[in-house]
Amino acid sequence: MFTGIIEEKGRILSVDQDRTNKVFWIESMLATALKIDESVNHNGVCLTVEEISGSAHRVSAVKETLSKTNLSNWLAGDTINLERSMQADGRIHGHIVQGHVDGTGVCLMRTEQAGSWEYTFSFDPEYASLVVEKGSICVNGVSLTAFNTGIDNFRVAIIPFTYEHTNFSSIKTGTVVNIEFDIMGKYIQRYLDLRQGEREDQFSSSL
């Protein structure tokens, strides 16, 4: 479990194909503090540390992860966001992030606002009920607040600190990003869907 507050940026050193999986070596200042089998958030995706060598660590992504995220687009030299799992005795500065990406979105627009930046991202309208005005959303592992929400897009504002300390500086129009919707919204939506199903079953049985 994570908070969406990025600790460091990492640089992809290599990408290798292993049957249907992809294997990544990632260089960062976090590497020496990591442990084998530790879960780390990579651009919003929870991956397990498999090996550590000097200032780099290795992770693998399976076919399912590659199909649901932007990891299949990663290339050597790309910069990604990294966050270790939250500590139970600390403050949660962002929001609860699982590292289970729901899907990808595309940057539709990026505008500079004299000291900050605004980004508009698209998303699958299937998830429209999970994107609420001033609600939490996770983009490339970063905890953000959505505004100007629509049926298939939302906007976020990025302060200079976030712009400099994450890979948002490299996100341009057309960039594909990972999106995780708020877990609380997903539980509520699931509950409502089940209740609706029960009502429909009751109605059918009364006919």
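## Ser53 and the predicted model

Ser53 is partly exposed, with a relative accessible area of 44%. The model it belongs to is predicted. Ser53 sits in strand 5, which covers residues 51–53. Ser53 and Glu198 are 145 residues apart along the chain. Their C-alpha atoms are separated by 54 Å.

## The overall build

Three helices and 13 strands make up the list of elements in this protein. The radius of gyration is 18 Å, close to the 17 Å that the globule rule gives for 207 residues, so the protein is as compact as a globular protein of that length. Along the principal axes, the C-alpha atoms fill a box of roughly 70 × 45 × 40 Å.

How much of the protein is buried? Of its 207 residues, 41% count as buried. The chain also makes contacts between residues at least 6 apart in sequence, and 69% of these join residues at least 24 apart.

## Surface and charge

The protein exposes about 11,100 Å². Carbon and sulfur atoms supply 51% of that area. Charges come in two kinds here: 18 positive and 27 negative. How far apart are the mean positions of the two kinds? They are 1 Å apart.

## Two nonpolar cores

The largest nonpolar core has 23 residues. Tyr119, Phe121, Ile137, Phe154 and Phe168 touch the most other members. A second, separate core holds 17 residues, including Ile26, Val40, Val45 and Val49.

Look at Ile137 in the largest core. Which residues does Ile137 contact beyond four places in sequence? Among them are His95, Val131, Val142, Leu144 and Ala146. Phe154, Val156, Ile179 and Phe181 are also on the list.

## His57, a buried residue

His57 is found in strand 6, residues 56–61. Is His57 buried or exposed? His57 is buried, because its relative accessible area is 0% and the cut-off for buried is under 20%. Leaving out residues up to four places away in sequence, His57 touches Phe24, Trp25, Ile26, Leu34, His42, Val49, Glu51, Ile52 and Leu82. Ile26 and Val49 in that list are members of the second core.

His57 and Ile36 are 21 residues apart along the chain, and their C-alpha atoms are separated by 9.1 Å.

## Two residues with positive phi

Most residues other than glycine have a negative phi. Asn43 has a positive phi of about 55 degrees, although it is not a glycine. Ala114 has a positive phi too, of about 50 degrees, and is not a glycine either.

Both residues lie in loops. Asn43 is in the loop between strand 3 (39–42) and strand 4 (45–48). Ala114 is in the loop between strand 8 and strand 9. Their accessibility is another matter. Asn43 counts as buried, at 2% relative accessibility, whereas Ala114 is exposed, at 80%.

Gly99 lies in the loop between strand 7 (79–84) and strand 8 (103–112). With a relative accessible area of 5%, Gly99 is buried. Which residues does Gly99 touch, not counting those up to four places away in sequence? They are Phe2, Asn41, Gly44, Val45, Cys46 and Glu180. Gly99 and Ala31 are 68 residues apart in sequence, and 19 Å apart in space from C-alpha to C-alpha.

Ser122 lies in strand 9. At 18% relative accessibility, Ser122 counts as buried, because the cut-off is under 20%. Leaving aside neighbours within four places in sequence, Ser122 is in contact with Gly105, Val106, Leu108, Asp152, Asn153 and Ile179.

Phe161 belongs to helix 2, residues 160–165. Phe161 counts as exposed, because its relative accessibility is 52% and exposed means over 50%. Phe161 and Ala56 are 105 residues apart in sequence. In space, they are 24 Å apart from C-alpha to C-alpha.

Definitions and conventions: Residues numbered from 1 in each chain as written. Predicted model: local features only at pLDDT ≥ 70, side-chain atom pairs only at ≥ 80, totals over all residues. Heavy atoms only, no water. Helix = DSSP H or I, 4+ residues; strand = E, 2+ residues; numbered from the N terminus. Rg over C-alpha atoms; globule rule 2.2 N^0.38 Å. Buried < 20%, exposed > 50% of the residue type's maximum accessible area, 1.4 Å probe, protein only. Contact = heavy atoms within 4.5 Å. Areas by Shrake-Rupley, 256 points an atom, 1.4 Å probe, with all protein chains shown as cover. Lys, Arg positive; Asp, Glu negative; His and termini not counted. Charge placed at Lys NZ, Arg CZ, Asp CG, Glu CD. Core = buried A, V, L, I, M, F, W, Y, C linked by side-chain atoms within 4.5 Å.
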